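Here are a few exercises to work through with the model open beside you. Try each task before reading its solution.

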Amino acid sequence: MIDSSDSTRIVIVGAGMAGSKLAYDLLQENNANYLITLIGEETQVGYNRIMLSSLLANDISAVDMPLVNTNQMKEEGVNIISGDCVVITDPITKTLCLASGRTVKYDKLIIATGSRARMLPIEGAQASNVMGFRTWHDVNVMADLDAKQSVCVIGGGLLGLEAAVGLVKRGHLVTVFHRSNWLLNRQLDSESAELLLSRLQTMGINFRLGESPTSFVQSEGGLVTHAICSDGESMAVNLVVMAAGISPEIALAKAAGLKTNQAILVDEKMQTSHPDVFALGECCEFENQTFGLVAPIWAQIKVLINVLKGGEAYFAIEPVPTKLKVSGVNLFSVGRVEPIEGDSCIFFKDVGANHYRKLVVNDGLLVGAILYGNVADGSWYFQLMQNKTDVSDMLELLVFGEAYCSPQVA
Amino acid sequence: MTATITKTTCPYCGVGCGVNVTVPNIDSGLSLDNIPPVSGDLDHPANFGRLCVKGSSLAQTLQSDDRLLVPTVKGEAVSWESAVDTVSEKIAQVVKDHGPDAFAFYLSGQILTEDYYVANKLAKGFIGTANVDTNSRLCMASAVVGYKRAFGSDTVPCNYEDLELCDLLIMVGSNAAWTHPILYQRIVAAKKQRPNMKVVVIDPRETATCDIADLHLAIRPGSDAAVFSFLLQHSVDVGVLDSAFISRHTNGFKEALNQATESTPTLSSVANFCDISEQDLLLLASWWAKTEKTVSFYSQGVNQSASGVDKCNAIINCHLATGRIGKEGAGPFSITGQPNAMGGREVGGLANQLAAHMDFATPGAQELVQRFWQAPNMATENGLKAVDLFQAMEEGKIKVVWIMSTNPMVSMPDTAQVRRALEKCELVIVSDCKAHTDTTAMADVLFPATGWSEKDGTVTNSERRISRQRGLLPAPGEAKHDWWVICKVAKCLGYQSAFSYRNVHEIFAEHAGLSEFENSGKRDFDIGHFSRITKEEYDALIPVQWPVPKGRPEGTKRMFEDARFFTPDNRARFIPITPTLPIHQATPEWPFTLNTGRVRDQWHTMTRTGDAALLTKHTDQPYVEVHPKDAKRLEISDKSLVRLTSPYGEALLKAKISRAVSPGNVFTPIHWTLQFANAAVVSNLIPQVADPLSGQPESKHAQVKLEAVKNIAYGVVISAEPLQTLDFTYWCRVPSEQGYHYEVVWSECENVASIQAMLEGSIQSQGEWLEYTNPKTHQIRLAQIVNQRLVSVSYLHPAPESISCDWLESKLMNKEALSDLDRMAILVGLPANVEDKGAIVCSCFQIGTKQIEKAIKEGVCSVEALGSRLKCGTNCGSCLPELKHFIPIKTELSA
């Protein structure tokens, strides 16, 4: 074990994707002299959270889950503390107290506490069979359900739909409540959402759009047994999965006196209001934005590694595409998908083949795209957006994808 | 044996090329679908094995979805007996009530000589009317009268070899490169071999023929005669007259010269009249003066004129004055446009002829013919020529008309008048092989006729060469030969014995018999050698040039070698000419002069060429050629829709911006009918002005106005089924291999919903829609898929653009399910990574503009090199002029 007084003690709180990846990447920095500690409250550390949906859907197995090689990290000197969580942070003494009673000293503290499922304040929702869908543990709970349970999923966003698909594939009866009138309303327009809806319906999922349960009925044992719909219908349920958004986990930061808003405020160097404390991932907030997708978080890691080395690096917000991780459903959404004044929308619609494309262009630039069905061109469109490529000369064939347009670019 | 090769003659232009057709033995189970491409007959003296694109595509036209298969009366299918009874009773009744001139035949240069012969005989000898006219009136009537005035007979002096042997070829009013491609190719080859051979083109337009011209005189429309009046005077001035020939073999030289001098006194007056430079005119004159072997080659540009006959005689005068006639490589050579215009002339199948090159006015002719035919009711004077005939019909004087194998609703000037005439007529009989033409739509009785490849008989080409068209395929349905139907009606009218031919060769033999009957050299047309021809001899007939009198079976290569003409004193006549311009000239209201003509790959009213998808690749839609200056002023862009209006009607055509026409002049092709486009019948615009002597209409001249059509969107609809309703501002059906292809113009306010509604109302099957909308480019594209099969594709664009539809058409009613990407590609128009050929230039090998441009970009710098690389231009060669244009343009760009 390396223990040298001139090495920098870096402590990462949170061993989710951001924390684990940061620890792993820091290890690859040959010239740095870091003593890394990674602390996670989950017993599993360093797994790819994104893959939970696939794991739930039985599309993959546990062996496909690791994001980083924790064994290798341990061998190379990373101190990994799992199943324990930090309860007190003292920026003055640069000391952390863990729930287990251990204390850990740091030179640089990185907060990567991520987020929690947002639990909607619905009457009767305080019950042990009302859960989020965030962790491997959550998957295990759902995997251990008895057969053919009635599950109510609250939220028709990415996570809710992935949970619903996973559960329906496991043979459960799933009803998704979604407040908006169409699914994935932040990523899709109503027409593409319609295609998605009918695809998911054929998979056996029931939907109640434009609606949330008004309350839950609990049994004497405190378990939710029924969801009450807005039309008064009472629906029997065995399990409720809340997937109505996430809340950044900032309790620790607040207690430590760091500046927070929705999440921990950071600057372009990922620095919090305290010079030796940094934050990244879902728990941080930059320019009024929080982050739920992996791409900006990877960018934050790069910035932070540079900053820790004393280098010049700045984080900036870029558009990020989203994809739904449901096998057999291909969708891609990036940028501004609902036009504002000055935007034009180019459409390709092939409802029969479940193929839909919408491009939003403004002043020669592609500013948003929805692809449904065939998403092969998604990365190309994303590239055009990132590079701010002038697409004025490609407008005629742009919606048909790279194969038709690239000769013109060359 | 499963197939036989049969020699026959091409049904298109007047060149009369020999065609070899491989006919599968139907008994052996081979389908007609599999008839291999035809080839040129190496032994035929017209073409020696070459064929143009139209001829090469004949096999594609052997089967049509639109054949007329049964006789109909008022739209009801009836038996032949009943149809013939209906017709005969009506003819008998009107002749009885109103006299024989209440009946008329309107025939065609596409029927065979034998058909022509019996029609002419029935009308002029038995019904007793000379109202037998033909679409040849529109084609070469002026040339006929020109020859007759000069020679006393309708005798074409020259042969095709003369075109190769001459040292100066003056092509007047002919775009032979497109209209007579094989003759043109022979000229090109001759000029290549003898680069000193000069070619002069006299044409208001710069046509593809100008490609080989050493000099192009872009004369004022209709001013041709002045050029030749000038050449006549110039021949005097520079002393190249053949005084001995003039004095021994001609009359009237002095009068002709005087009139030429009076009407076109000076070089500058002629140059002004013709709107050409004096230098160019002098250059032509100097070549004319020094070139003994000169052929003047003229066609519809000369003939279709109110002064067409005078133009012909102005040309002939020059040849007579210099003795350049009846000699190798010299003569005034009229080239006919139809496969058997000449055959019609030979039997006398025109209203101002009697029979066998005899006129009503020929002393003793009526009596001679009457005796030969044993005719009970001889007509005694000229009948009505086409324009007069249709006017008499409108006036109610002609009550029954029998139209055979022609489409006057498209080809006659002033279509509105022709419609009124046919509506007025009590019985309109139409014999045709097509069910739907603009003219069959007007018929009370339809007779299903055999077509080329089924008919059996003879045709005569422009060099007097009689060739056989041979029946290769069985008649479909109840279709019958025209001669059979005419004879059937004749017999029904009571003329049993005179029309009891058992076989077509008997008609030919009788025709030959009449030609030699009491002839003994008095009449040019004598094919007496054939008057006792047997069926075997007839079937084995090899192409031969008339006259073929008894004792001269080899025929006659060239006429007037003995300088004996067929006038009473055997002298040729000079005709005094005063060149005149068309009566209708530009006015502020009608500022543009319209010229008309053919495109390379279509023929007449497209009833046959319209069946071959390949032939639409060169020119898929009708167009109006407009000079860039005029286009700019009128805000007309290339391929945009233009409305042409004349006092007689209107047409909607796509603009083709081109310097080939002079400012103030426009040009449109003649081919498109209501079967192919909603408003492209150009005859709509043309007044019924005709030459007073020949009766040939001035179909190449009208005064019109032009305007850009606004507030429209352009597009295309491709459909597996024909559209039931064609609710477009403009539509043009482009014949295609698969399904139905419509080039369309929509109202600009169309949207996805309105287009869908229109197509749903127009196509039987309903299915799912694919949709592409792009507000940035104002594009809408829709495709309709029913049970995984593509049934329609519609594109709408704000501006005209060419979309290559071959791939789309190939996807119609696809056998295999379409992949998602294929479905998307349908709204692009082509699959990704597939070469876009561009507009097809070489129809034979399907080579397009983009391929040619690419080859040139990669260093190919000659037409020959293009040919060896892409094969373009190496078959029929008719695209060579266009290929040539790619080369200089590219050189300029890269320079």
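**Exercise 1.** How many residues of domain 1 of chain A are in contact with domain 2 of chain A, and how many of domain 2 are involved?

*Solution.* A word on conventions: this is a predicted model, in which local features need pLDDT of at least 70 and side-chain atom pairs count only at pLDDT 80 or more, while totals for chains, interfaces and linings use all residues. Residues are numbered from 1 along each chain as its sequence is written, and chains are lettered from A and ligands numbered from 1 in the order in which they are written.

Step 1: find the domains. Chain A is divided into domain 1 (8–116 + 247–308), domain 2 (130–242) and domain 3 (330–409); the bounds come from an automatic or database domain assignment.

Step 2: count. Ten residues of domain 1 of chain A touch 13 residues of domain 2 of chain A, where contact means that C-beta atoms, placed from the backbone, lie within 7 Å.

Step 3: look at the domain 1 side of chain A that touches domain 2. Helix H2 (residues 52–56) of chain A gives the largest share, four residues. Helices (H or I, at least four residues) and strands (E, at least two) are DSSP runs, numbered from the N terminus.

Step 4: sort that side by class. It holds five nonpolar, three polar and two charged residues. Nonpolar covers Ala, Val, Leu, Ile, Met, Phe, Trp, Tyr, Cys and Pro; charged covers Asp, Glu, Lys and Arg; the others, Gly among them, are polar.

**Exercise 2.** Describe the side of chain B that touches chain A.

*Solution.* Step 1: 18 residues of chain B are in contact with 20 residues of chain A.

Step 2: strand E30 (768–774), strand E31 (779–786) and helix H26 (820–826) of chain B each supply at least two residues of this side. The largest share, six residues, belongs to E30(B).

Step 3: by class, this side of chain B has eight nonpolar, five polar and five charged residues.

Step 4: follow E30(B) across. Strand E23 (residues 344–350) of chain A runs antiparallel to E30(B), joined by four bridges; strands pair if DSSP finds at least two bridges between them. Lys349(A) has Glu771(B) as its bridge partner in E30(B).

**Exercise 3.** Why is chain B described as being as compact as a globular protein of its length?

*Solution.* Step 1: list the secondary structure of chain B, which comes to 29 helices and 34 strands.

Step 2: compare values. The radius of gyration of chain B (over C-alpha atoms) is 27 Å, close to the 29 Å that the globule rule (2.2 Å times the number of residues to the power 0.38) gives for 895 residues, so chain B is as compact as a globular protein of that length.

Conventions. Two residues are in contact if their C-beta atoms, placed from the backbone, lie within 7 Å.
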